[in-house]
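This report goes through selected local features of one protein model. The sequence and the structure come first.

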Amino acid sequence: MKAMGHVFKYGDNVDTDVIIPARYLNSFDAQELASHAMVDIDPEFATKVQPGDMIVANKNFGCGSSREHAPLCLKTAGVSCVIAETFARIFYRNAINIGLPIIECPEAARGIEAGDEVEVDFDSGKIYNRTKGTEFQGQPFPEFMQKLIKAGGLVNYTNSKKK
């Protein structure tokens, strides 16, 4: 399983309240939420992100509240993967539950810049920066996590097993 896209780069402590600000949580429509993704720190994100694009961030991505809308908002906007030095535990869980792949790789987080084109191989854990010709080694995704991602998250995977 692979992903490839251009990078949006952010710093430390990107809070879930920044990924999707509270003033937009009155909608249950994922597309509506995605149209406001990152608006307070990157007003053009929602209009520029393309399917397959990635977010690369520094430490503690997804910190703050346990806002489950945050990873859904990013996935619906088109984000194929988030790479960071570290993630907040609750964001990590919520991302996996909805099928948004995330990878902790400090070297990649420091070596990839905004606009770079990056390819991620989830089977091997290799992260290849096509723009700079550099490669980083993350952890391969276990088979069960790849099944969750392919199914679109835990609920979809569980429902497919009931059939």
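## Basis and strand E3

Strands are DSSP runs of E with at least two residues, numbered from the N terminus. The model is predicted.

Val82 lies in strand E3. Its relative accessible area is 0%, so Val82 is buried. Leaving aside residues up to four places away in sequence, Val82 touches Ile55, Phe61, Leu74, Phe87, Leu100, Pro101, Ile102 and Ile103. Gly133 is 51 residues from Val82 along the chain, and the C-alpha atoms of the two are separated by 20 Å.

## Helix H4

Helix H4 covers residues 69-77, and Ala70, Pro71, Cys73, Leu74 and Ala77 are buried in it. Viewed down the axis of H4, these buried residues fall within an arc of 155° and therefore line one face of the helix.

The cover over the buried residues of H4 includes both helices and strands. The helices among them are H1 (16-19), H2 (30-34), H3 (45-48) and H5 (89-98). The strands include E2 (54-57) and E3 (81-84). One of the buried residues of H4, Leu74, is also among the residues that Val82 touches. Just after H4, Gly78 has a positive phi of about 120°.

## Cysteines

How many disulfides does the structure hold? The number is zero. A disulfide is a covalent bond between the sulfur atoms of two cysteines. The cut-off applied to a pair of cysteine sulfur atoms is within 2.5 Å.

For Cys63, the closest cysteine sulfur is that of Cys73, and at 16 Å it is too far for a bond. Cys63 has 12% relative accessibility and so counts as buried. Cys105 is in no disulfide either, as the nearest cysteine sulfur, that of Cys81, is 10 Å away. With a relative accessibility of 2%, Cys105 counts as buried.

## Helices H7 and H8

Helix H7 (residues 143-151) packs with helix H8 (residues 154-162) at an angle of about 95°, and their axes are 7 Å apart. H7 is therefore roughly perpendicular to H8; the range for that term is 65 to 115 degrees.

Which residues form the contact of H7 with H8? On the H7 side they are Lys147, Leu148 and Ala151, and on the H8 side Leu154, Asn156 and Tyr157. By residue class, the contact of H7 with H8 has four nonpolar residues, one polar and one charged.

Technical notes
Residues are numbered from 1 along each chain as its sequence is written. This is a predicted model: local features need pLDDT of at least 70, side-chain atom pairs count only at pLDDT 80 or more; totals for chains, interfaces and linings use all residues. Side-chain values use heavy atoms; hydrogens and water are left out. Buried means under 20% relative accessible area, exposed over 50%, partly exposed in between (1.4 Å probe, protein chains only). Helices (H or I, at least four residues) and strands (E, at least two) are DSSP runs, numbered from the N terminus. The arc is that of the directions from the helix axis to the C-beta atoms. Contact means heavy atoms within 4.5 Å. Axes are lines fitted to C-alpha atoms, for helices over the stretch in contact, and angles run from 0 to 180 degrees between N-to-C directions. Angles under 35 degrees count as roughly parallel, over 145 as roughly antiparallel, 65 to 115 as roughly perpendicular and the rest as oblique. Ala, Val, Leu, Ile, Met, Phe, Trp, Tyr, Cys and Pro count as nonpolar, Asp, Glu, Lys and Arg as charged, and the others, Gly among them, as polar.
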